[in-house]
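Okay, everyone, thanks for coming. Let me put today's structure on the screen, and then we'll talk about rings and strands.

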Amino acid sequence: MSIKNLYNGWKGMACCTVVAAMTLTACSDWDDHFDANTSVLESQHSSLWQNIEKTGNLSQFASLLKKTGYDEQLSASQTFTVWAPVDDSFDYATLSNQSNDRITREFIENHIARNNYPASGQLDQSIYMLNEKKMLFSGSSQYDIQGVSLVTPNLSSCSNGTLHAIKGRLPFLSSIYESLVNFDDEIDSISSYILSFDEKKIDETKSKKGPVTNGEQTYLDTVYYEHNDLLEIYDAYINKEDSSYTMIAPTNKAWDKAMATIHSYFNYVPEFEFIEKPADSRVVEKVKIQDAVAMQDSISKVAMISSLFYNNNIYDNKKLKNLKEGETLNCDSLVSTSRVKMYGEDAADLFANTKRIENSNGSLWVTTDDTLRMRTWTIWNPEIRLEAENFTYWADYASVNGEPDIKTVNKQNEEVLGTISNNRYIEVEPASKSVNPEIFFYLPNVRSTEYSVYVVFVPANINSKYYAEPLKKNHLEFTFAYADEKGKMTEEVIKDIDTAVDTLQNVPGMTAKVDTTYVGDITFKTSYVGLYTSDQSYAPYMRIRSRVSSKQAATYDRTMRIDCIILRPKDLDNYIKAHPEYKYDRGLYN
C-alpha cells in the first residue's frame with residue numbers, strides 16, 4: 001500500500017502561515033525578543049518535515065516518518081496539520097517492527113490531516129485524518145484531540161502547514177476491512193479472498209492533470225483510492241469510514257467446512273450436451289467449459305460470502321448496532337447487502353457462538369466453534385421459483401396439430417382461494433379442442449442437488465365468479481432433460497400427474513383454489529449456475545404436456561393454466577414438512 005493510497009484529498013493548497021499569539025513568550029531583553037522572532041520566522045520558511053526533524057523530543061516520530069516515506073510528503077507543497085506524539089509517549093518499539101503499510105495506515109496517517117488546524121480560540125471541531133478516521137479537536141486555553149492533550153500547541157507554523165506536539169498516541173479503531181487485514185485469529189481464508197479484489201485507481205477529480213502523452217492523460221500530482229470490485233458488487237462498503245456494517249467472518253476451519261458443502265452444489269463437467277429447440281429438431285449440441293474446476297471454486301467462494309454483510313442502517317438490521325456478544329438476536333428478519341432475507345431463527349443463529357470485534361464502521365463477528373451457522377438453502381442452494389409468464393423461461397411449445405395459444409392473464413376472481421404470485425399466470429390453450437398442448441420451460445441456475453418439484457396451477461374460474469362450465473382437472477406428463485455426470489443428455493419422465501380439485505360451497509364440483517401440485521423429486525447431476533446465455537438455451541428444461549385421451553375429455557381439461565414452477569431443495573422441503581410455520585425468503589429468485 002503506497003502512502004497515497006487512502007488520500008482523501010484536496011489539491012495542494014497555497015501555504016498559509018499562522019502565528020498564534022501564544023507561541024510568543026515574554027522576553028527579558030531585546031536580544032531574547034529578537035531571537036524568539038527569528039525562530040518563528042525560520043519555522044515559517046521550513047517545511048513540516050524540517051521542523052519535526054530538528055525538534056529534539058520528536059525523534060521517534062521522525063524516525064517512523066522517514067521509515068514510511070512520509071518525510072517526503074511533509075516536505076512537499078501540500079498543506080497538512082500534524083499532531084506529533086513526543087518521545088516515549090507511545091509504543092515506538094512495537095510500531096517499528098510492524099510493516100510499513102500498517103505503520104502508515106494506523107499511526108502516521110492517524111496523526112495527519114489535510115489543511116491548517118491551528119489551536120486558537122474556542123475549538124470543537126471534527127477533523128478527518130488522512131486515513132479517514134474522524135477525530136475531535138477541542139478546547140480553549142487547553143487543547144486536546146480525541147482525548148489526547150496537546151503539550152505544545154502550534155509548535156511550528158510551517159511553510160506547508162501546522163505542527164502540534166501531543167502527549168501520547170491518538171486512538172486507532174480499525175474498520176471492518178482493516179480487521180480483515182490485521183486480525184490475529186485464523187480468518188485469512190476469507191480475508192485473503194476479499195483482499196484479492198483490491199486495486200488502486202486514480203482519483204481523476206482530485207489529481208492534478210498534466211499533459212496528454214501518446215493519447216493518455218498524465219498527472220502532475222496523482223491521488224489514488226482503493227477499490228474493491230467484490231465489495232462494490234455486494235454493496236458492502238466495509239472499507240468506508242462513513243458506513244455502518246455487520247460482517248460474519250468464518251475461521252479457516254469454518255470456511256473449509258462450509259466450502260466442502262458448497263462445492264457439492266456446483267459440480268461442473270468439462271463438456272455437456274443440450275437441446276436448444278426441444279419441440280422441433282431436438283438436435284443435441286455440445287458446449288465446453290474452459291476450466292470446470294476453477295469455475296466450481298470461483299462460484300463456490302462467491303456463494304460463501306454473498307450473505308455475510310449487513311447494512312446496520314436499514315430495516316431490523318439496526319438492532320445489530322447494539323447486539324452484544326452472547327445475546328440472542330430478537331428481530332423479524334435481517335436483509336443482507338445481497339438482498340437475501342433471513343427470518344427470526346435463521347438470523348439469530350448467525351451470531352450463536354461468535355465473538356464481536358468492535359470497529360470504526362460497525363462490527364466483525366468471528367465464529368468460535370469452527371461452524372458458519374447458515375442454512376444451506378438461504379443462499380448457497382436456494383429455492384428457485386420461476387414465473388410462468390416470464391417468456392424468457394419459455395424454451396418451446398407445441399401441439400400435435402399446431403402451436404398452442406399462450407397468453408398472460410391477470411387474476412380477477414377474489415373468491416378463489418390462494419394467491420397467484422406476481423398476480424399473473426399463463427393460459428396454454430390447444431390449437432383445437434381435440435389435441436393436447438405442451439410447453440417447455442428452461443430451468444436456469446439449478447445446482448447439482450436433489451429438488452422437490454412443484455407446479456402451481458390456476459383453476460378455470462379464476463377470471464369470473466360466474467364461470468358456468470364444470471371445472472376439470474389437468475392430467476399431465478412431466479419430462480425433465482439435463483446433462484448427467486458425464487455431460488450426456490438424459491431425460492426423466494413422470495407420468496399421470498393430476499391437479500387437485502376442491503369445491504366451492506355454493507357450486508359443487510368446481511375447482512376453488514390455486515393448487516400447488518407436487519410433481520416429484522429430481523436430482524441434477526451437474527450445476528448450471530452461470531452457464532446459460534441470454535436466451536437460457538444451455539439450461540436444462542422441463543416439458544409440461546397435457547395427456548388427455550378422447551375418452552378422458554369429459555373428465556379432464558386440456559387447457560393448462562400455470563402460475564409458477566418451484567424447485568425446492570430436498571433438505572428445505574423436508575424441513576418445511578417438519579416445521580410448517582417456518583419462514584424463509586421465497587422472492588429472491590422469482
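So, how many aromatic pairs does the structure hold? The count is 20, and keep in mind that this is a predicted model.

Let me pick out F272 and Y528. Their rings sit 5.6 Å centre to centre with 80° between the planes, an edge-to-face pair. F272 belongs to strand β13, residues 271-275, while Y528 is in the loop between β28 (515-523) and β29 (541-546), so this pair ties together parts that are 256 residues apart in sequence. Buried or exposed, F272 and Y528? Both are buried.

Next up, Y482 and F524. Here the centres are 5.2 Å apart and the planes are at 70°, so we call this pair edge-to-face too. Y482 comes from strand β26, residues 475-483, and F524 from the loop between β28 and β29, 42 residues apart, so to speak a link between distant parts of the chain. As for accessibility, Y482 is buried with a relative accessible area of 6%, and F524 counts as buried at 2%.

There's also a cluster to look at: F61, F90, Y92 and F107 form one aromatic cluster.

Now the strands. We have an open sheet of 7 strands, mixed pairing, in the order β2-β1-β7-β6-β5-β4-β3. At the edges are β2 (112-114) and β3 (123-128), each pairing on one side only. Ignoring direction, neighbouring strands of this sheet are turned by 30° against each other on average.

Zooming in, β4 (residues 134-139) and β5 (residues 143-145) pair in the antiparallel sense over 3 bridges, and G139 stands opposite Y143 in β5.

Definitions and conventions. Residues are numbered from 1 along each chain as its sequence is written. This is a predicted model: local features need pLDDT of at least 70, side-chain atom pairs count only at pLDDT 80 or more; totals for chains, interfaces and linings use all residues. Side-chain values use heavy atoms; hydrogens and water are left out. Rings of Phe, Tyr and Trp (its six-membered ring) pair if their centres lie within 6.5 Å; planes under 30 degrees apart count as stacked, over 60 as edge-to-face and the rest as tilted. Helices (H or I, at least four residues) and strands (E, at least two) are DSSP runs, numbered from the N terminus. Buried means under 20% relative accessible area, exposed over 50%, partly exposed in between (1.4 Å probe, protein chains only). Two strands pair if DSSP finds at least two bridges between them. Axes are lines fitted to C-alpha atoms, for helices over the stretch in contact, and angles run from 0 to 180 degrees between N-to-C directions.
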